[in-house]
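Okay everyone, let's get going.

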Amino acid sequence: MKQLLFSLLLATASLGARAQEYYLDLSRQRLEVPSRTLAVEQVLDGRHDNQTIGYTYRGLSNNRALAVTFRQGLAPELTDFIQRQLPARPTDHPLVLCVRQLRLNEEHIPGREGATAYLSLDAYLHRPDGYHFVQSIASHTSAQGTEVTKQHAGHLALLLSYCLGQLSQADWAAAATQPARTLAQLPADAPVARPSRTPVARQPAILRELPRRGIYHSFAQFLANQPDDRHALRLDTVQPRLRSLLAWQQWQRVPWVRPLVFDSLGRWAEPAGIWGFSDGQGVFVQHDQHFFPLRRQGSFFTTVGTALPDEEVQRRQAASRAQAGYSSGVFKVPAVVTDVPVCYAVDMQSGGLYPYPGLRAPIRPDTAYVYVYRPAQAAGPAQVQVWLNGKQAGTLRPGQYLELPWPYYDTLFSLCLTDGTSGSACQHLLPDVAQPNFLRVSFSPEAPLWQWVPTAQGLADLDELDRLRK
């Protein structure tokens, strides 16, 4: 009898551990793509491992997890929806869309619910010889309300409209010169974006000028390189608020900063609701209540910030604890990966941060080169150790530099410096693959410990070091 009871309890726990399903219904949604010149022949599922789209939570205490999915499958239903909304015309460019990421998430806190959606796709032009990569397209949206589950279908239709609208300026002739792929190759394809053909004069000011010191209240101010500089600005170091032990371990010795402005009351205070700021040397973007440095990547920017809460891990944790409660047994609880360092790219249209390289491929997935150097008259210790992703990459004396090749364009580059006595300082970044990266190291009290310098200055500094050495 005890064995039977145990089996029933275990079966009940197992059923509870598997989330039931919530089916998206797009039948009442509409696509709005003004001035379109394309028709979608097919949508393919190119996500890694076909991961879950997301979860919705039902019940009075929001403890019933339902996996968001499609009744007939993602690719067939999106194909049918787009073709019904946007029927093909003889003059349209025939496309195949490959979904790379689709996430529909919910956040529940007392008195409020939030829904966020993120979609990224690769578009391929269908020609007689095969399928040619056109460009990566992506979008993001969010909303709040008392009950947000029914908003997911509308969010997905909105993202599809926005993404297809991004193809209104597609260079179809250039796409035809891209390598041809078969239809079967597309789900696993890793296309390479072409360098931007936008004339320099038409690029946003932040891509043409050195950043000006001040506060960016909006993304538009960032693009225009016109920060609010009416008040004095200084940087303050802060203790990060992290939610997992793994995150604490991975962010060790990485400095965290926030901006403080001298307000009208004569106090130093952190400005609220800002997009980011610049200290006149680098640019920082706000993400999850913290600020992280941006790095240029050709015509856009990347950063390394904290990973947002993983809803699937949270659900599995709750299911594992429920099983342990039913059976008094020991179950392995998945580790929390919230707040660990992850890569993001800035959407240069909306200013949002999205997973990288999911938002877009780099200009070329090639080797990045990072040069770490010390001036000839550098202050500080006689020798500095340089560590790259946990392994010693070399040592630096005054007047020396190290070349650090990095062939992993989508992988964190974790750099640490130590003088062997007073600990170390670290940072996470994504090096620019389009041009060399230069980090000047200084232990002078009048200068930062390290500073990323423009390419022209870095090349001139290294040329001078080579001249002195000869």
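So, which cysteines form a disulfide here? That's Cys-416 and Cys-426, with their sulfur atoms 2.0 Å apart; for a disulfide we ask for a pair of cysteine sulfur atoms within 2.5 Å. The structure holds one disulfide. The torsion about its S-S bond is about 110 degrees, so the Cys-416 to Cys-426 disulfide is right-handed. As for where the two sit, Cys-416 is in strand 23 (residues 413-418) and Cys-426 is in strand 24 (residues 424-429), 10 residues apart.

Before I go on, a word on the source: this is a predicted model, where local features need pLDDT of at least 70 and side-chain atom pairs count only at pLDDT 80 or more, while totals for chains, interfaces and linings use all residues. Residues are numbered from 1 along each chain as its sequence is written, and side-chain values use heavy atoms, with hydrogens and water left out.

Buried or exposed, that pair? Cys-416 and Cys-426 are both buried, meaning under 20% relative accessible area with a 1.4 Å probe, counting protein chains only. Cys-98 is buried too, at a relative accessible area of 0%, and Cys-163 is buried at 1%.

Now the whole chain. We've got nine helices and 26 strands; those are DSSP runs, H or I of at least four residues for helices and E of at least two for strands, numbered from the N terminus. Of the 470 residues, 46% are buried. And among contacts (heavy atoms within 4.5 Å) with a separation of 6 or more, 65% are between residues 24 or more positions apart.

Key:
Buried means under 20% relative accessible area, exposed over 50%, partly exposed in between (1.4 Å probe, protein chains only).
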